[in-house]
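This report describes a two-chain model, from the fold of one chain to the contact between the two. Please look over the sequence and the structure before reading on.

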Amino acid sequence: MSEAIRIEDVYKSFGANEVLKGINLSVATHEVICLIGASGSGKSTLLRCANLLEPIDSGRITLWGEQITGPGIDQNLVRRHVGIVFQSFNLFPHMTVLRNVTLAPAKVLRLPRAEAEAEARALLSRFGLADKEAEFPDRLSGGQQQRVAIVRALAMKPQIMLLDEVTSALDPELVAEVLDVIRELAATGMTMLIATHEMGFARDIARRVCFLEEGRIIEDAPPAELFSDPKDERTRRFLGRIVDAGRM
Amino acid sequence: MDDNQPGWAAEPAAGLPADGGPPGSAPVVPGDSWRPPGSFARTGRGSRLLGGGRGGTVISTVSTLVVVGALAAVFLLAPGARAVEHAFFSPHAMWQSFVGNPRAGYYSVGAAIWLNIRMFLIAEVLILALALLIALVRQSTHPALFPIRILATIYVDFFRGVPLILVIFAIGLGVPALSLPLISSQSNAVYGVSALVLSYSAYVSEVYRAGLNSVHQSQVAAARSLGLPQRTALRHVILPQAVRNIIPPLLNDFISLQKDTALVGVLGTIEANKAAEIYSEQVFNFSSFTVAAILFLVLTIPLARFTDRLIERDRRRRLAGVTP
C-alpha cells in the first residue's frame with residue numbers, strides 16, 4: 001500500500017496556545033485511521049491543517065510524497081483531492097441541496113451544469129437523499145444535513161476524506177445513519193482520517209486508532225490493541241473515563 | 001435522590017416545608033406533601049385590555065378612532081387652523097404647483113420629481129457598487145492592500161462625518177471652479193449625484209461590512225475546503241448570505257437617499273423640493289411643499305412594502321423548501 005498522506009513533526013499554535021506539539025502520522029491509501037481524545041486535544045486542528053484550512057507553524061505535510069505545506073502550493077488543487085466534513089455540517093443555507101452539491105464541481109471542475117447535476121443526483125440517491133434535492137438545508141434533519149455534507153465533499157471526487165467529529169452534533173438516534181454512510185465509504189476503499197468520539201465505531205472501522213492528548217499522539221495502535229490493552233497510562237485513563245460515562 | 005435535578009437549591013426557599021432529605025441535613029428535594037401555595041391562575045384584569053382574544057379587534061378600532069380623532073381635533077380647532085389650511089392645503093395651489101406654469105414663473109413639482117427619481121436610481125446603482133468595493137477593501141487581509149485599506153478607512157470616516165449638504169456644496173461649487181475639461185462642465189444634477197454617491201457609499205459600505213461579518217467563518221471554511229477560490233467563495237457563498245442579512249438596513253438607507261435627493265436643490269437644480277420652493281416664492285403659498293411631501297411618500301412607501309415582501313418571500317421559501 002502506498003502512502004497517501006504523511007504528517008511530519010507538525011506544530012501549530014493559536015496565539016500563546018500551542019495546539020499541536022510535533023504530530024507524526026502516516027496514512028496509507030485505502031487506510032482508515034481514527035483519532036480519539038478529549039476535546040481540545042488537537043484532533044480537529046490536525047484535520048484542518050491537513051486540508052490547509054489552517055497554516056502550520058513548522059513541520060511538513062506531504063500528499064503522495066509531494067510537500068503541500070509551504071509557499072508556492074495551489075491550495076485549491078490540494079483541497080480537490082482532500083475532502084473534509086465538519087461537525088456542524090456547514091451547508092450553504094441559501095442554496096438547495098442540489099446546488100450545495102453541484103457548486104464546487106461546476107465552479108472548480110468546470111463540469112457542465114447537466115453533468116454536475118446528474119452526478120450529484122446519483123450520489124444523493126446512493127445515500128438515500130434522492131427526494132431531498134430541492135429542499136433547503138434548514139428543512140432537513142441533522143442526520144440528513146450531515147449526509148448531504150458528505151455527498152457535497154464526495155462530489156469533488158477526493159482521494160482522501162477527513163471527517164471531523166461528524167456525528168458529535170447529532171441527536172443520538174440520527175448517529176447511525178451517518179455512521180452507515182462512512183462504513184459504506186470505507187468499504188469502497190476510501191482513505192479516511194476520522195476524528196471521533198464514537199469508540200465502538202472506531203473499533204469497527206479503523207485499521208489504526210491514534211489517541212491524542214495535549215497536541216501529541218500518545219498511542220497509535222490497531223483498535224483491538226489500543227482499546228483492550230492500552231500501553232500508555234494516559235490512554236488507559238482516557239478510556240476509563242469513557243467507560244465511566246457509559247459511552248463504551 | 002436525583003442529583004441531576006436542577007433548580008432545587010440545597011437550602012430550601014422560604015415557605016418550603018423542610019421535610020425532604022436525610023435527617024440533620026438541609027433538605028434538597030421538597031417532601032411528598034408539598035403543594036404550591038395558592039393557584040397559578042392570573043389575578044386581576046390586565047390581560048383583557050392588552051388585546052388578544054375576541055375583544056382585540058374592537059379595542060384596536062376604538063383606540064385608533066380616539067387617537068386619530070384627537071389629532072384631527074387639535075389640528076382643526078387650533079386658533080390658526082384656517083390660516084394653515086389655506087397656506088399648506090389649498091387644493092387650488094396644490095394643483096397649480098403640481099402641473100406648473102412656466103409663464104407665471106414656476107415649475108411643475110410633479111415633473112420635477114422625475115429628476116429626483118432619476119438621481120436616486122443612478123446614485124443607488126453607483127452606491128451599491130462603490131460601497132461594496134470599499135467594504136471588501138476594508139475586510140481584506142492581504143498585506144499589499146494595506147495602504148488602500150487605510151485610505152478606505154479615512155474615506156469612510158470623512159464622509160460619514162461631514163454633513164451631506166456641505167459635500168453637495170463642495171462638489172457643486174468647487175468642481176466647476178477647477179475649470180477642468182469635461183469634469184468641470186457637468187450639470188448641477190451630476191454634481192449632486194456625485195455628492196450623494198460619495199456620502200452614502202461611506203454609510204452603505206459599513207452596512208455591507210456588517211453583513212459580511214454576519215456570515216459565520218465556518219461558511220468560508222466550508223467553501224474553501226471544497227477547493228473554491230476566494231473570489232468564487234465570496235461571490236456564491238458569502239455575499240448572497242451577507243446581502244440577505246442586510247436588506248432591511250440597506251432599504252432604510254435607500255429611503256433616506258430618496259429623500260436626500262431633495263438637497264441637490266441647493267445647487268439650483270429644479271428637483272421637486274426646489275420647484276416647490278420657487279412656487280411658494282412666486283405665489284406666497286406653501287401648498288407646493290405639501291405636494292412635494294406627498295410625492296416623496298408615494299415613492300418611499302412602495303419601496304418599504306416591496307422590501308418587506310422580499311424578506312417574507314425569502315423566509316417562506318426557505319421554510320417551505322421549494323426551489324425558486
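A nonpolar core is a set of buried Ala, Val, Leu, Ile, Met, Phe, Trp, Tyr and Cys residues joined through C-beta atoms within 7 Å. In this predicted model, the largest such core has 136 residues, and A:Ala50 and B:Val109 touch the most other members. The element that gives the most to this core is helix α8 of chain B, residues 188-214, with 13 residues.

Leaving out residues up to four places away in sequence, B:Val109 touches B:Ser97 and B:Phe98, then B:Ala272, B:Ala275, B:Ala276 and B:Tyr279, and finally B:Ser288, B:Val291, B:Ala292 and B:Leu295.

Chain B has twelve helices and zero strands. Of its 324 residues, 28% are buried. Among contacts in chain B with a separation of 6 or more, 65% join residues 24 or more positions apart.

One helix pair of chain B can be described in more detail. Two packed helices are described by the angle between their axes and the distance between the axes. For helix α9 (residues 217-225) and helix α10 (residues 230-260) of chain B, the axes come within 10 Å and cross at roughly 160 degrees. Angles over 145 degrees count as roughly antiparallel, so α9(B) and α10(B) are roughly antiparallel to each other. Their crossing is right-handed. The residues that make the contact are listed by helix.

| Helix | Residues in the contact |
|---|---|
| α9(B) | B:Gln219, B:Val220, B:Ala223, B:Arg224 |
| α10(B) | B:Ala233, B:Val237, B:Ile238, B:Gln241 |

By class, the residues of this contact of α9(B) with α10(B) are five nonpolar, two polar and one charged.

In chain A, A:Ile194 lies in strand β8, which spans residues 191-195. A residue is buried if 20 or more other C-beta atoms lie within 10 Å of its own; A:Ile194 has 26 C-beta neighbours inside 10 Å and therefore counts as buried. Apart from neighbours within four places in sequence, A:Ile194 is in contact with A:Val32, A:Cys34, A:Leu35 and A:Leu163. A:Asn76 is 118 residues from A:Ile194 along the chain, and the C-alpha atoms of the two are separated by 21 Å.

The contact between the chains takes 23 residues from chain A and 19 residues from chain B. On the chain A side, α2 (75-81) and α3 (97-107) each supply at least two residues. The side of chain A that touches chain B has eleven nonpolar, six polar and six charged residues.

Technical notes: Residues are numbered from 1 along each chain as its sequence is written. Chains are lettered from A and ligands numbered from 1 in the order in which they are written. This is a predicted model: local features need pLDDT of at least 70, side-chain atom pairs count only at pLDDT 80 or more; totals for chains, interfaces and linings use all residues. Axes are lines fitted to C-alpha atoms, for helices over the stretch in contact, and angles run from 0 to 180 degrees between N-to-C directions. Helices (H or I, at least four residues) and strands (E, at least two) are DSSP runs, numbered from the N terminus. Angles under 35 degrees count as roughly parallel, over 145 as roughly antiparallel, 65 to 115 as roughly perpendicular and the rest as oblique. A crossing is left-handed if the near helix is turned anticlockwise from the far one by less than a right angle, and right-handed if clockwise. Two residues are in contact if their C-beta atoms, placed from the backbone, lie within 7 Å. Ala, Val, Leu, Ile, Met, Phe, Trp, Tyr, Cys and Pro count as nonpolar, Asp, Glu, Lys and Arg as charged, and the others, Gly among them, as polar. A residue is buried if 20 or more other C-beta atoms lie within 10 Å of its own, exposed if 12 or fewer, and partly exposed in between; C-beta atoms are placed from the backbone.
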